[in-house]
Amino acid sequence: MIAVTTQTPLPTPQETLPSESFTNSLNRQIIIILDFGSQYSELIARRIRETNVYSEVLSYRTSAEQLAQINPKGIILSGGPNSVYDPGAPHCDAEIWNLGVPILGVCYGMQLMVQQLGGRVERAKRAEYGKASLFINDPTDLLTNVEDGSTAWMSHGDSCVELPAGFEILAHTDNTDCAAIADHKKKLFGVQFHPEVVHSVGGIALIRNFVYHICKCEPTWTTEAFVEESIREIRAKVGDKRVLLALSGGVDSSTLAFLLHRAIGDQLTCMFIDQGFMRKGEPERLMQIFNEQFHIGVQYVNARKRFLAQVAGVTDPEEKRRRIGHEFIQVFEEESNRLGPFDYLAQGTLYPDVIESADSNVDPKTGERVAVKIKSHHNVGGLPKNLRFKLVEPLRKLFKDEVRKLGRSIGLPEEIVRRQPFPGPGLAIRILGEVTADKLNILRDADWVVRDEINKQGMYHDFWQAFAVLLPVRSVGVMGDQRTYAYPIVLRLVSSEDGMTADWSRVPYDLLETISNRIVNEVKGVNRVVYDITSKPPGTIEWE
């Protein structure tokens, strides 16, 4: 049955985005997520932003005093890989329980809440992973509009066996007595499951209950507000100085170019380095869009021969990437000196880059990271420090989907907004083995056929990525009663939500047939087409 409530209806979110630096202002609403190493911490932040309320992920070491200065409307404690009773397990500042701010603990966060407030957590008699039915004891407050018996996603080996004074059970499963708990008076809540994942059917309703009803937030941040504030901040920071942006043609750098141009006009110089590994027609189309259609000046740098020389004879994919990245730096330095001087370098750094690069979850004593998901972040090929630019990063608080919303709101063409992901090294890592000019031409033509046909069928946006791969082998074929000895092309069409996992797409046979016929008939040097039906994992989306 549906849980009954007497509360007012939840507000309907509009398409909104956060400002770049909300934590610097006490007047703005923010939900803080304290990260204890969960693979889902970033996802929690995204789910809250989907309610049109701003959120940020901070280290669990953030003190109560620092949090008080931020003045959040609510705090969420993430899950994590540890057990709260383990020696050295990460704990938050115990003073946060006295801030008077609503707090929601998720999985490990709930167990930590229970332990620090006087309850008891023990190893569960039976671990609980995957889907479980959630049975509602109290259908108010946190669990308003969460259906009794709905699916919740579990991932825990510990359980709360004794609750602190003032807490009561809100929900249970067949295996877990304390699946959701609350101290209503102090506005402290905990859930043993993960409401942020799509597998938890009532998860979004629960998050909205916490954000709107419990924390009293309102969905007030719009794309227009973000644009206006970003422009003010850019102008205040840059003044009358010049800004350089390395433009790739992807949604991040293109959105940034549009935003900066609106803010500072001709003080912006965009540089597009054509390394020769782009898809057919892309460099020309990029120049047309920016220079002719929108009058945003882009300096075109033809470096195709230089890059091709760098990868000549190289077969190892990592060595390809290293050489391409190194050559990019060299070309960028030379051209920036030629076009300069510049005071600022604009980068399309996004919020996941900031989270994944942070050292805030490194134990100062052991040097060990709490979160296993963290990776190093670099932009523009890892530019050297001696370039001496000051950075401008207006997108550093945004997730990818928010960048797409922003791009649309400031007039970025839909073909760029919804452009399929394309690797930085481009076609060089879709040619297995050595990269040559002939192989690039073959792959470029084959890849064009793939894109052309899915566009004709109106299916371009049905795939996360759809492309061709050239293998470093040849096979015998027959065409027009003549023997051929040519390359095979691999078709790779996958579906995904975020690129972390992917499944091969069940493409209609007639589409595959059309693509195959066109490639072998139109692309000289190819006599065979195969289809990759490997998911990620165990494979990867790209072949190199």
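Colleague: How many disulfides does the structure hold?

Modeller: This is a predicted model, and the structure holds 0 disulfides. The general idea is a distance test: a disulfide is a pair of cysteine sulfur atoms within 2.5 Å.

Colleague: Which cysteine sulfur is closest to that of Cys160?

Modeller: The closest one belongs to Cys178, and the two sulfurs are 6.0 Å apart, so they are too far from each other for a bond.

Colleague: Is Cys160 buried or exposed?

Modeller: Buried means under 20% relative accessible area. Cys160 has 7% relative accessibility, so Cys160 counts as buried. Cys92 is also buried, with a relative accessible area of 6%.

Colleague: Where is Arg49, and is Arg49 buried or exposed?

Modeller: Arg49 sits in helix α1, which covers residues 41-50. Its relative accessibility is 5%, so the same cut-off makes Arg49 buried.

Colleague: Which side chain does the side chain of Arg49 join in a polar contact?

Modeller: For a polar contact, look for a pair of N or O atoms within 3.5 Å. Here the side chain of Arg49 makes a polar contact of 2.7 Å with the side chain of Glu402.

Colleague: What is the volume of the second largest pocket, and which residues are closest to its centre?

Modeller: The second largest pocket has about 410 Å³ of space. Its lining is made of 20 residues, and those closest to the centre are Glu282, Glu415, Arg419, Arg451 and Tyr460.

Colleague: What kinds of residue form the lining of that pocket?

Modeller: Sort the lining residues by class: 6 are nonpolar, 5 polar and 9 charged. Then look at the helices: α7 (282-293), α12 (414-417) and α13 (437-456) each supply at least two residues of the lining.

Colleague: Why does the second largest pocket lie between domain 2 and domain 3?

Modeller: Domain 2 (223-416) and domain 3 (430-531) both give residues to the lining, so the pocket lies between them.

Colleague: Which residues does a cis peptide bond join?

Modeller: Read the omega angle of the bond. Lys536 and Pro537 are joined by a cis peptide bond with omega of about -15°. The bond from Pro537 to Pro538 is cis too, with omega near 10°.

Colleague: What is phi of Asn71, and where does Asn71 lie?

Modeller: Asn71 is a residue other than glycine, yet its phi is positive, near 60°. Asn71 lies in the loop between α2 (64-70) and β3 (74-77) and is partly exposed, with a relative accessible area of 38%. Asp141, not a glycine either, has a positive phi of about 55°. Its place is in the loop between β5 (120-136) and β6 (150-162), and Asp141 is partly exposed at 22% relative accessible area.

Technical notes: Residues are numbered from 1 along each chain as its sequence is written. This is a predicted model: local features need pLDDT of at least 70, side-chain atom pairs count only at pLDDT 80 or more; totals for chains, interfaces and linings use all residues. Side-chain values use heavy atoms; hydrogens and water are left out. On a 1 Å grid over the protein atoms alone, a cavity is a set of points where a 1.4 Å probe fits but cannot get out, and a pocket is an open set with protein on both sides within 12 Å along at least five of seven lines; lining residues have an atom within 4 Å of a point. Grid points are joined across faces, edges and corners, and a volume is the space filled by probe spheres set on the points. Helices (H or I, at least four residues) and strands (E, at least two) are DSSP runs, numbered from the N terminus. Ala, Val, Leu, Ile, Met, Phe, Trp, Tyr, Cys and Pro count as nonpolar, Asp, Glu, Lys and Arg as charged, and the others, Gly among them, as polar. Domain bounds come from an automatic or database domain assignment. Buried means under 20% relative accessible area, exposed over 50%, partly exposed in between (1.4 Å probe, protein chains only). A polar contact is a pair of N or O atoms within 3.5 Å; within protein, one must be able to donate a hydrogen and the other to accept it, and residues adjacent in sequence count only if both atoms are side-chain atoms.
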